[in-house]
Amino acid sequence: MQLDKAEILIAGAGIIGLTIARELVGAGYGDIVIVEKEPELGRHASGRNSGVLHAGIYYSPDSLKAKSCLNGNRLMRAYCKEKGLPLLENGKVIVARTAGELPVLDELHRRAVANGAKVEMIDEQQLAEIEPNARTVERALFSHYTAVVDPKAVLKSLKNDLEESGRVRFHLECPLTGLKGSGSGTALTGKGEIGFSRFVNAAGAYCDKVARLFGVGGNLRLIPFKGLYRLLRTEAPFTVNSSIYPVPDIRNPFLGVHFTRSVHGDVYLGPTAIPAFGRENYGILAGIDREGFGIALEDLTLFLANPLFRSVALSEPLKYLPSCFFRDAARLVKQLSPRDVLPSAKVGIRPQLVDWETKQMIMDFLVVADGSSLHVLNPISPAFTSSMDLARGIVAAHFGG
C-alpha cells in the first residue's frame, strides 16, 4: 500500500531530523516527509537529555563537534528567545576534585579558547560568588555561554513550525522497516510504502540499523549507555544556581555526574554512563529485547579489548546504588546529605557508536553521504546543542542550501 511520496524522506523526528527539515525548508525544498516510530516526539534522546546547551569546551578544535557546538548554542538560544521558549542563561562551572585534575582543567581552557568559547579560570573565592556550595581545588573553569532549555518544548515548537510551512508532512507511529529492493527509492514502513528521491537517516539510537539498509556503516556497532538522574530535594539547605560539572576523563565521551538547574527550577544530579542492554533499556529490565544478548556479547568484547570501556563498565554500574551515586555527586559540593538526594524518573540512553575494527568509541559526529542517502551517525552529546548549526552545514554541503 502506498502511504506517501516525497522528494526527501527523513527517518526520525528527533532534534536532528527536525532541524535538517527546517534548513531544507529554508533552502527552498517543499516536499518533505518525516517518519517517526513513536506516537509523539521526545520519547528518546532528544526529549530525555539534560537540556544543557554546551559551549564548545570539551571538544578537540578540529572536530565536527567543536565546529558546530558554539554556533549551535547561539542559534538555539536565539530560537528560544524568538519563540518565547524557556531559557536559562546562567553559565556553568567545572570544578577539580583533586590537584591531579588541574592539568585537564587547563586543557579544557585551552580547547575552549581555541573553539571561541567565552570562559575564564576563576579562583575559589570567585567560584563561591557564582556557586556558593561548589567545591574545587585551587581553581575552576567558568563557562559564560552554557545555557539550559526545555528539550521537549523546543521539539514541539520546531514541529509546529514545519507543519505551518506547508512543506513538511509527519507520519507518527510509522517505523521504517526496510527498503523495497536494493537501491530502491521506496521505503517500507509500518503504515505502508513511501517513495522518495533523497533520504536522510536521522534515526538516533537506530542510525546504524538504518544505515545498514543502504549498505553504509558495516563496521559500526551501537553500544547503549544508560543515564540515570536523581533530584535535589527542594528543601535542601543549599541550592544550585546553574550547573556544576566535574573535570571529565577526556579520553572518554562522558562528562560525569553533575548538578544542573532546569528551566523549571528543579535541580537534577546525573547522568550516569552505565552500559545498557537495549536501545530503550530505561529500566532495570524494561527495554531489553532480543538484541540484548548480542549487546551483552559486544560489551564483553569491548571489556576485554578496550581499557577505557573496561573502566566505565567496572565503575558506572555501581551508581545504581544510591550510596555510590551520592558519593560521586558529593565530591563536587561543600555540603550534601544523602537525604537531600531523591529518586527521579528521568533516565536516558546515550547511543554510542564504536568502530568495530579498532574497538574504539567514536568521539565525533559522523555524517556519511552515499548516493541519494545521507546518514547522521553517532548523534550524541552535544548533538542537541549543535543541531541547528550541524543541520545548516549538512544542507549546504549535500543539498546545495
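E193 counts as buried, at 17% relative accessibility. Buried here means under 20% relative accessible area, exposed means over 50%, and partly exposed lies in between (1.4 Å probe, protein chains only). The structure is a predicted model, in which local features need pLDDT of at least 70 and side-chain atom pairs count only at pLDDT 80 or more, while totals for chains, interfaces and linings use all residues. Residues are numbered from 1 along each chain as its sequence is written, and side-chain values use heavy atoms, with hydrogens and water left out.

The structure holds 26 salt bridges. The term denotes a side-chain nitrogen of Lys or Arg within 4 Å of a carboxyl oxygen of Asp or Glu. E193 forms one with K180, and the closest N and O atoms are 3.3 Å apart. E193 belongs to strand β12 (residues 192-201), whereas K180 sits in the loop between β10 (176-179) and β11 (186-189), so the pair ties together parts 13 residues apart in sequence. Helices (H or I, at least four residues) and strands (E, at least two) are DSSP runs, numbered from the N terminus. K180 is partly exposed, with a relative accessible area of 47%.

A second salt bridge joins D208 to R279, with the closest N and O atoms 2.7 Å apart. D208 lies in helix α7 (residues 207-213) and R279 in the loop between β17 (274-275) and α8 (292-305), so this pair ties together parts that are 71 residues apart in sequence. D208 and R279 are buried.

E298 is in helix α8 and R221 in strand β13 (residues 220-232), so the parts tied together are 77 residues apart in sequence. E298 is buried, with a relative accessible area of 19%. R221 is partly exposed, at 26%. Elsewhere, salt bridges that share partners join K37, E38, E40, R43 and E280 into one network.

Strand β13 also holds R230. R230 is buried yet has no salt bridge. The nearest side chain of opposite charge, that of D328, is 10 Å away. For this assignment Lys and Arg count as positive and Asp and Glu as negative; His and the chain ends are not counted. Contact means heavy atoms within 4.5 Å. Beyond four places in sequence, the residues that R230 touches include V267, Y268, L269, Y320, F325 and V341.

Helix α8 has 14 residues. From its first C-alpha to its last, α8 reaches 20 Å, close to the 20 Å expected at 1.5 Å a residue. The expected span is 1.5 Å times one less than the number of residues. G292, I295, E298, D299 and L302 of α8 are buried. They cover an arc of only 120° around the axis, which puts them on the same side of α8. The arc is that of the directions from the helix axis to the C-beta atoms. F293 and L304 are exposed on the other side of α8. The cover over the buried residues of α8 includes β13, β17, α9 (307-315) and β18 (341-355).

An open sheet of three strands has the order β3-β8-β4, with antiparallel pairing. β3 (52-53) and β4 (87-88) stand at the edges with a single partner strand each, so one side of each is left without a neighbour in the sheet. Two strands pair if DSSP finds at least two bridges between them. β4 and strand β8 (residues 147-149) pair over two bridges in the antiparallel sense. L87 has V149 as its bridge partner in β8.
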